[in-house]
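Please read this briefing alongside the sequence and the 3D structure.

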Amino acid sequence: MITLGIETSCDETAVALIETDANHSCRILAESIFSQIDIHAAYGGVFPVMAKREHARRLVPLLSHIISEAKNRATLATEPIAPNVFNKKVETIRTILSEKEPELLTSLLASSLTKEKPLVDRIAVTRGPGLEPALWVGINFARALSVLWDIPIIPTNHMEGHIVGSLLMTKTALSTESSIPLIPLASTNFPAIALLISGGHTELVEVPTLGTYHIIGSTRDDAVGEAYDKVARMMNLPYPGGPQISALAEKARARFAKAANTATRNPITFPRPMLHSPDLHFSFSGLKTSVLYHIEKIKATEKSASESLTNETIENIALAFEDAVTEVLITKTSKALDTHEAHTLIVGGGVIANTHIRSALETIARERGIAILLPPPGISGDNAIMIALAGALSSATPLTPSEIEKSTTAIVAEGNLVL
Ligand code: KG4
Ligand code: ZN
């Protein structure tokens, strides 16, 4: 089965074509991501209107590109769309796109996508959670393609995407070489606990079996990636702040490790919010405020505000922040693993690119003798491979364009776009 994945929930415009078999072995036929980071960096965070506009601009060229790549590798077949067939469909496509996505309509009608149909079995599109205007661009694009190519749609949950993305264990599974065979997904011993850490979410999820998810812990305020981004902004570091803070923390960690024999320790520590609360919930807003107060205190006691934070102090703040975040994540995840007698820890979301958090999670899994599934490097952030895979694994009944429109509108109205 060939699945087209479309992801537009936040600031990455992504498309992917994957092939799966009945045993859920998988290979990537082609994929592409346009990161809008540079566009949003100027605003210090994701600007929903700009995100929507960029998705509308990028989807058609990205999809045309991956179709021709897979076609050239002979891993995807296509069929011409007869002009009389297209003419019968064009009004429906206009109705779907003209009001909400006029730019996407123009770019679709001018493209080769209306002349040639890839032999794809289903379209998996992110329905949420995410930024609503951004999500609709992807959903409406999927609806138009569904009409154009007569292919059903599977609405996909972004967080489920992060979970199943971690089952694509090896780097080989990400290769698009035509000689690569379908590779089995990581065999998972259930029940599993999934820890999802991204810019929008911090969740602990009980996974009794793939496709069944119970949220057992979530953040009361900021997501962990969001806290990284906000702390970075306090120190005038560019968006997204996670990689910046983590690189600075690594520097401080290496410095203190060298000086370990003289018992030199980081002079800065920050509180660990909700560390001892009996539940599995998180809170990172207080930690962020402690960092802010700390920075303001330093600035107030220095003569020149612009020069008050030395490189060393910034590195120490980054380390103290990262240590606090890591201890909270580790403590809560350990508690979830133990209380749910989990056999596997699945980790997903952009923050898992963080090597310190990654190795701390590997340690708690090793201590318990359980497996840990992490996304292969390169797909820890948002991507469409994970969305295509979630859609390919889904046993839900595929929807027609009008069914997905109606059901998504209802879900959005209920404010119920969670895992
Ligand atoms: O999953 P993702 O790509 O997008 C969302 O769905 O939010 O996650 C993005 C988040 C950002 O907040 C970014 O700062 C954070 O992941 N991030 C990191 C690192 N790399 C990305 N946080 C900490 N350390 C990193 N190395
Ligand atoms: Zn994400």
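The points below are grouped by topic, after a note on the model.

This is a predicted model, in which local features need pLDDT of at least 70, side-chain atom pairs count only at pLDDT 80 or more, and totals for chains, interfaces and linings use all residues. Residues are numbered from 1 along each chain as its sequence is written, chains are lettered from A and ligands numbered from 1 in the order in which they are written, and side-chain values use heavy atoms, with hydrogens and water left out.

**Ligand 1 and its contacts**

- Around ligand 1 there are 19 residues, of which Gly199, Asp229, Gly242, Gly350 and Asn354 come nearest; a residue counts as near if one of its heavy atoms lies within 4 Å.
- A polar backbone atom of Gly199 lies 2.8 Å from an oxygen atom of ligand 1, where a polar contact is a pair of N or O atoms within 3.5 Å.
- The side chain of Asn354 has an N or O atom 3.1 Å from a nitrogen atom of ligand 1.
- His162 has a polar side-chain atom 3.4 Å from an oxygen atom of ligand 1.
- On its own, ligand 1 has 560 Å² of accessible area, and the protein covers 87% of this (Shrake-Rupley method, 1.4 Å probe).
- The shell around ligand 1 has 5 nonpolar, 12 polar and 2 charged residues; Ala, Val, Leu, Ile, Met, Phe, Trp, Tyr, Cys and Pro count as nonpolar, Asp, Glu, Lys and Arg as charged, and the others, Gly among them, as polar.

**The largest pocket**

- Ligand 1 takes up the space of the largest pocket, with more than half of its atoms within 2 Å of the grid points.
- A pocket is an open set of points on a 1 Å grid over the protein atoms alone, where a 1.4 Å probe fits, with protein on both sides within 12 Å along at least five of seven lines; lining residues have an atom within 4 Å of a point.
- The volume of the largest pocket is about 1,200 Å³, taken as the space filled by probe spheres set on the points.
- The lining has 41 residues, and Ser198, Gly199, Gly200, Asp229 and Tyr239 are the closest to the centre of the pocket.
- By class, the lining holds 15 nonpolar, 19 polar and 7 charged residues.
- α7 gives the most to this lining, with 6 residues; helices are DSSP runs of H or I with at least four residues, and strands are runs of E with at least two.

**Backbone details**

- Gly128 is joined to Pro129 by a cis peptide bond, with omega near -5 degrees, and Pro129 is in the loop between β6 (122-128) and α5 (132-149).
- The bond from Phe190 to Pro191 is cis, with omega near 0 degrees; Pro191 lies in the loop between α6 and β8 (192-197).
- Asn236, a residue other than glycine, has a positive phi near 60 degrees and is in the loop between α7 and α8.

Note on methods
A polar contact is a pair of N or O atoms within 3.5 Å; within protein, one must be able to donate a hydrogen and the other to accept it, and residues adjacent in sequence count only if both atoms are side-chain atoms.
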